[in-house]
Amino acid sequence: MTRYTSATPDDRREMLDAIGVSSAAELFEQIPEALRLGRPLALPEGMPEAEVFERLAALAARNADAEAEVCFLGAGMYDHYVPAIVDAITQRSEFLTPYTPYQPEISQGGLQVMFEFQTAMSELTGLPVSNAGLYEGPSSVASAGYLAMGATGRRRFVVSRGLHPHSRETLVTYAAGFGAEVVEVGLDGGLTDAAALAAAVDGETAAVFLQSPNFLGAVEDVEALGAGAKEQGALLVVACDPMTLGVLRPPGEQGADIALGEGQPLGNRLDFGGPSFGFFCATEEQIRRMPGRIAGETEDVDGRRGFVLALQTREQHIRREKATNNICTAQALNALAAMVHLAWLGRQGFRELGELLVQRTAYARKRLAGVEGVELLHEAPVAREFALRLQAPVAAVLDRCAERGIAAGYPLGRDYPEFEDGLLVAITERRTKAQIDDLAEALGAAVAAEREGVAV
Amino acid sequence: MALTETPMQREAAKTIFEKSKPGRRAAALPASEVPERPLSELIPANLLRSEPPQLPEIAEPEIVRHYNRLSRRNFDLDSGFYPLGSCTMKHNPRLNERVAALPGHARLHPAQDPRRAQGALELMWLLQESLSEICGLPHVSLQPSAGSHGELAGLLLTRAYHADRGEARTKVLAPDTSHGTNPASVTMAGFEVVKVATNDRGGVEMDDLRAKLEENQGDVACLMLTNPNTLGVFDENIAEIAALIHGAGGTLYYDGANLNAVMGQSRPGDMGFDIVHVNLHKSFSQPHGGGGPGAGPIAVSDRIEPYLPRPQVVRREASGDGGPSFDLDFDRPKSIGRLRGFQGNFGVFVRSYAYILSLGGDGLAEASETAVLNANYLKARLAEGRAGERLPIAFERHCMHEFVLSGKPMKRQLGIATLDLAKRLLDFGFHPPTVYFPLLVEEALMVEPTETETKESLDAFAEAIEQIIAEAEADPEVAKSAPYTTPVRRLDEVRATRRPVVRQPLA
């Protein structure tokens, strides 16, 4: 068994004497006897470190990860290359093991990282204010709903069906609590149905939620779609993929009041879905309603530049039931990973990576649409992910590709009954031309075999 | 006091943006290898960005140096004693980092077909089973991302439970000593907080509880409680409290922030709680990361189970040749729905499961016992000498894993506030305890040493407090102007809120 404690029998004796009790059990007598467990927990005995390692390695070996397969899965999380310096820096004790920076004099490192991160996210989204991060993308969307309700006093959200299904579901879950209605607007040709959106937005609408690129990979004209929200006094909330913001026009330049999203593509590994982080940027007008931590610049008593948690009067530990959000522990280390990745890419590299994604995606889209039995689900412009229709059962085709070591993509039927034949394919800088060509071949063979009824 | 600037104080803080110089870079990217077309042929010009965002331009050696230097401006758990009350700053085993980084965990896509993610789903199921046993409640959802997210989940479950019975209750009771997240979560979940008073032993004031139940008859949805509570004491009346709340038709919610006191000793489910959240970043050794990531799984009773978030990890018994298999169950018609993307903070689950395997059931019980022993020992040390006189314990009784002192006499007699003492502790190389919480105790100082500290560390901390008070008796100005040795000294926090500068202005 492993123990991380140090108390020797002698230590214990001295400590018990100082307390004035004869055994540690005496200290637990404040728990009524009927409520003391009185038996060992029904869990295995503790194990030596080497055995714990083997046990967990054996579990890990039963997963088909992106090292074991060529991964074209996306749907919000992407198999990007995380540079080695991200691991080296985030594993430093000084970043890994402190608590939230409640004592700023000894937390300048973490606070400055937050300030740098806020600057970077503000640059990416084109909005002046960023927080230091939230849990992940979908709950950030829900927090934007809560903010919009507070800002407008209205209780109706209009949501594009192009918004990530997890974001839509999470917003509905939260809205059931704070009491708001969620109205969905459909898609047309892969893009948010502009006429239906205009019809759905009215004077009771607190916020309009769009995503670009949307869940089907299509780049939306946010400015045009958001005009109605502006006229009706609703907030325009835009979810975006940070990795596309080197090439795509930032939400802040298209009228967004809030730009947010899933931060995983920036410096965070896949981790079967978390931990990652959500980013949340807004106009100056919303700064005092923002959820989460925000670092601010200030000075110490001798005039030295320093950083502190700013605007803490929004937060639960000060304001309690009047707080703008309940969030406390969030994702500081994941935000650091993002900042280091962004610094490593740098101004030029970030742009180049965005262009690389667009070029390879365009190639893959054309190549796969040329496969017999495969066609485009929509022809709207895309950046790093696109949707196909297969003339064969998607699940069976995916199984055949998996046998060739390829995770071919995300079956859209999981979330969109109307796209039961849909497949969403994601590209990162790790997916080479050769791998894309292999996918085309595997997909072609799988679709053909299914159509001909060849046994697996 | 004569002072010399330390080298770190002399070094002016510069952001990475201020170290940027056009033309420098770190990353080299792969060639596209595909026939390229002009961007404007692929995406309409009005949807393209005109100028790249102004990210820093800097080479790799300087990025590494920048963040290493920044890291040295942090105090951290690996550098010293961190008795931050309610935060359970226990050792973060490096084994857990190693297993979380295995490619089978770290590079597993969350949308992978469950049939090809069996190891991950089994791990989640095993963690659910372990937490169920520790909490004494039959069902677990790992989805919530942190403690406050677990609270929100618990309140939404409560809402769904009442709604399913045709009731729309509006009030949630919480003691005046509760964590700030409790009332904040209550408001977010669309309920109203009703405060319950604390008695002279630090527990719930039973007469006030009865009165509040009477005043709000038929309208109380839930009571949120921490036990041991934020004063570090166990509420002996918990069985009666549970009976009262259940009798009034409400649910009983357990804020698991203080679970480190009772693992393997007493279980919230046995105390009568319906819903419990567990902070994996407290009791189960996930590193705090300077403010996350964490995870806040919830354990619930049978009557709450139908409403648990979607999807749930389930085990399906063997059909045919193989063993049992694991799956994500979305078919939960009464579920409150999703609380977040995908399945939860899986990397945190790996670390916490490794921790549970390492210690085992016996080790968890021993950890709680040692945490309580350490807290009571430090409390006894601080009851001696000057500290005992100037910084008395708020509630005189044995504590559990933490205790609360009051700096009221110190402030009145010496003119130094709890904040001054905390700042002076920084010069002694300690992270101060939690200050000014709970609100009930004037000039509060909340101390949680955890089980992983040595007796020597506890003694050194007690001696530092003694020394600081002695110093203040001679000259209170020393503490009032502290700290002196930290990278920066006391910061103007008011200015950061009045005129917030929250990003670097770039040309």
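Reply: Start with the domains of chain B. The centres of domain 1 of chain B and domain 2 of chain B, taken over C-alpha atoms, are 44 Å apart. Domain 1 covers 7-71 and domain 2 covers 363-493 in the assignment for chain B. Domain bounds come from an automatic or database domain assignment. This is a predicted model: local features need pLDDT of at least 70, side-chain atom pairs count only at pLDDT 80 or more, and totals for chains, interfaces and linings use all residues. Residues are numbered from 1 along each chain as its sequence is written, and chains are lettered from A and ligands numbered from 1 in the order in which they are written.

Me: In what order do the seven strands of the open sheet in chain B lie?

Reply: Strands of a sheet pair through backbone hydrogen bonds, either parallel or antiparallel. Here two strands pair if DSSP finds at least two bridges between them. Helices (H or I, at least four residues) and strands (E, at least two) are DSSP runs, numbered from the N terminus. In chain B the order is β1-β7-β6-β5-β4-β2-β3, with mixed pairing. β1 (139-141) and β3 (192-196) of chain B are at the edges with a single partner strand each, so one side of each has no neighbour in the sheet. From one strand to the next, the twist averages 25°. Axes are lines fitted to C-alpha atoms, for helices over the stretch in contact, and angles run from 0 to 180 degrees between N-to-C directions.

Me: How many bridges join strand β2 of chain B to strand β4 of chain B?

Reply: Three bridges join them, and the two strands run parallel. Val172(B) is opposite Cys222(B) in β4(B). Helix α8 (residues 181-188) of chain B packs on the sheet and touches β2, β3, β4 and β5 of chain B. The direction of α8 makes about 175° with that of β2(B). Two residues are in contact if their C-beta atoms, placed from the backbone, lie within 7 Å.

Me: At what angle do helix α13 and helix α14 of chain A cross?

Reply: Their axes cross at roughly 130° and come within 9 Å. Angles under 35 degrees count as roughly parallel, over 145 as roughly antiparallel, 65 to 115 as roughly perpendicular and the rest as oblique. α13(A) and α14(A) are therefore oblique to each other. The contact residues of α13(A) with α14(A) are eight nonpolar, no polar and two charged. Ala, Val, Leu, Ile, Met, Phe, Trp, Tyr, Cys and Pro count as nonpolar, Asp, Glu, Lys and Arg as charged, and the others, Gly among them, as polar.

Me: Which helix gives the most to the side of chain A that touches chain B?

Reply: Take the totals before the parts. Chain A and chain B each put 176 residues into the contact. Helix α12 (residues 332-369) of chain A gives the most to the side of chain A, with 23 residues. That side divides into 89 nonpolar, 48 polar and 39 charged residues.
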